[in-house]
Amino acid sequence: MSTKVATAAHDRDETDRGASRRTSTRTLAVLGALLLLGVAVALSLAVGSRSLALPTVLHALLHDDGSTAGSVIWDVRVPRTLAGIAAGAALGVAGALIQALTRNPLADPGLLGVNAGAATGVVLSLTVLGVSSLWASVWFAMAGAVIAGLLAYSLASGGRGGATPERLALGGAVIAAVFTGVSQTLMLLDAQVLDQLRFWSVGSLARADGDTLTTVGPFIGAGLLLALALVRPLNALALGDDAARALGADLNRTRVLGLLAVTTLCGAATSAVGPLVFVGLAVPHMARMIAGADQRWTVPLSLLLAPSLLLFADVLGRVVVRPDELDAGVVTAVVGAPVFIALVRHRRVVSS
């Protein structure tokens with residue numbers, strides 16, 4: 001009997017030590033993500049068509065003396081950087097939520113047509129109704145995101161087998177293509193709107209200004225708070241519907257609130273910087289590789305890593321064809337496409 005007691009105590013100690021190591025690793029990962037975000041912010045403020053030394057950047061931030069460097073930083077790069085942080089955090093967390101809600105590792109706001117629906121809502125509001133304010137665009141973007149997401153899920157659910165990850169990806173691709181075609185057609189029919197939205201339509205931080213964050217910030221903040229409040233129910237949902245109910249999770253409430261959070265985040269981010277793709281796909285996978293499948297860590301890590309990815313993409317776009325620029329959406333698409341192919345091939349190998 002004493003041997004069994006000693007063995008049980010040893011197993012508990014090993015379990016406790018393993019949990020402690022995982023917590024330490026995850027804490028270090030969060031600190032590393034914060035450091036990486038700090039580096040991305042510094043580069044975003046310093047690098048551009050006219051690069052500035054970091055001491056110059058710091059001096060301009062602390063003492064706005066009206067110099068040329070100060071004007072470049074405060075009027076152009078600070079709003080651009082803040083927009084990148086807000087939009088990146090929104091898309092990263094939205095991607096983590098969609099993947100958790102659908103239990104689909106290939107889900108992504110862009111791949112499921114949510115971003116395309118949001119973009120179409122913005123274009124419709126401008127071309128059909130003549131509404132050009134960013135505040136109104138957010139609401140139309142959220143409406144478009146909801147419609148596109150529901151259509152993609154309905155299309156994938158038809159037939160035998162239900163909404164499998166592959167069907168969701170294909171259904172989302174179809175819906176995204178349809179909504180993108182609609183928005184592009186509307187822009188081509190109106191030269192003024194086309195000129196106004198041609199950079200925004202591929203995803204760009206270049207047009208962000210001081211009003212961008214103050215307008216979309218409350219929406220993104222509300223969406224992030226709601227997402228963080230859902231991490232425990234999402235962990236239960238990952239165990240399956242029956243197990244989640246046994247643990248006391250309200251599945252309908254979790255899914256409705258999750259959809260509300262995704263819609264708010266994607267609508268606000270898209271209205272501000274355009275329909276960026278692959279940010280919400282790649283970042284949650286990176287977060288799970290680092291911290292495991294626990295949403296209490298995956299969501300906060302996605303919140304920190306996604307802005308870093310978006311800001312690095314924006315900085316790369318500024319220098320790769322200098323003195324011209326590549327939009328951040330182009331860079332994330334070039335980087336994200338191989339990631340998506342690798343994920344699909346990995347799933348095929350595992351399933352076989």
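Trainee: How do the residues of the lining of the second largest pocket divide into nonpolar, polar and charged?

Mentor: They divide into ten nonpolar, nine polar and three charged. Here Ala, Val, Leu, Ile, Met, Phe, Trp, Tyr, Cys and Pro count as nonpolar, Asp, Glu, Lys and Arg as charged, and the others, Gly among them, as polar. A note on the source: this is a predicted model, where local features need pLDDT of at least 70, side-chain atom pairs count only at pLDDT 80 or more, and totals for chains, interfaces and linings use all residues. Residues are numbered from 1 along each chain as its sequence is written, and side-chain values use heavy atoms, leaving out hydrogens and water.

Trainee: What is the volume of the largest pocket, and which residues lie nearest its centre?

Mentor: Its volume is about 560 Å³. Of its 20 lining residues, L101, T102, Y153, R255 and L259 lie nearest the centre. The lining divides into 14 nonpolar, four polar and two charged residues.

Trainee: What makes the span of helix α12 close to the expected one?

Mentor: The expected span is 1.5 Å times one less than the number of residues. Helix α12, residues 279–291, has 13 residues and reaches 18 Å from first C-alpha to last, close to the expected 18 Å.

Trainee: Which residue follows α12?

Mentor: G292, with a positive phi near 85°.

Conventions
1 Å grid on protein atoms, 1.4 Å probe; cavity = no way out; pocket = protein on both sides within 12 Å on 5 of 7 lines; lining within 4 Å. Points joined across faces, edges and corners; volume = space filled by probe spheres on them. Helix = DSSP H or I, 4+ residues; strand = E, 2+ residues; numbered from the N terminus.
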